[in-house]
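Please consult the sequence and the structure shown below.

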Amino acid sequence: MRKNTYGRIINIGSMAASLEPIGDSLYAACKAGINTLANVMAKEFSSMNVTCNTVAITAIETDMLRQHSPTAQVKIKEIINSMPVARMADKDDILNVIDFFASERSSYITAQMIYLGGIN
C-alpha cells in the first residue's frame with residue numbers, strides 16, 4: 001500500500017461492540033478495540049491514500065455461533081428479534097458493505113464503522 005500510495009483496510013467488527021452484552025465482556029472489548037485500531041490507522045495511513053473502516057456484523061450462521069450454549073442461543077435470538085431488521089446477517093449483507101468500503105469511489109470514507117441490521 002505504501003509503494004502504491006493506495007489501499008483499503010476493512011476490518012470485521014461485531015454488534016457486540018455496541019450492544020455490550022452481559023457475559024461477552026472479552027469478546028465485546030476485543031471487537032470495540034478493532035474499531036479504535038481502525039480509527040487510529042485511518043489517521044496514520046491517510047497521507048498514503050489508504051482508508052481504514054470496519055463492518056460490524058450481526059449474528060451469522062457460523063460454527064462459533066452453533067457452539068454456544070442453549071441459554072446463549074436464546075439470548076442471541078432475543079437480540080436478533082429486537083433489531084430493526086430482525087434476522088441474521090447473510091454473506092451478501094456483509095459483502096455489500098465490504099464492496100462499498102473497497103470501492104475507489106469511497107476514498108473520502110475512512111475511520112467509519114457500519115453496523116448491520118439497524119444496530120447503532
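Is phenylalanine 101 buried or exposed? Phenylalanine 101 is buried, at a relative accessible area of 1%, where buried means under 20% relative accessible area, exposed over 50% and partly exposed in between (1.4 Å probe, protein chains only).

The model is predicted, so local features need pLDDT of at least 70 and side-chain atom pairs count only at pLDDT 80 or more, while totals for chains, interfaces and linings use all residues. Residues are numbered from 1 along each chain as its sequence is written, and side-chain values use heavy atoms, with hydrogens and water left out.

| Residue | Relative accessible area | Class |
|---|---|---|
| Phenylalanine 100 | 38% | partly exposed |
| Phenylalanine 101 | 1% | buried |
| Serine 106 | 2% | buried |

One aromatic pair is found in a search of the whole structure. Phenylalanine 100 and phenylalanine 101 form this tilted pair, at 5.7 Å centre to centre and 40° between the planes. (Rings of Phe, Tyr and Trp, the last by its six-membered ring, pair if their centres lie within 6.5 Å; planes under 30 degrees apart count as stacked, over 60 as edge-to-face and the rest as tilted.)

Beyond its neighbours within four places in sequence, serine 106 is in contact (heavy atoms within 4.5 Å) with Arg8, Thr51, Phe100 and Phe101.
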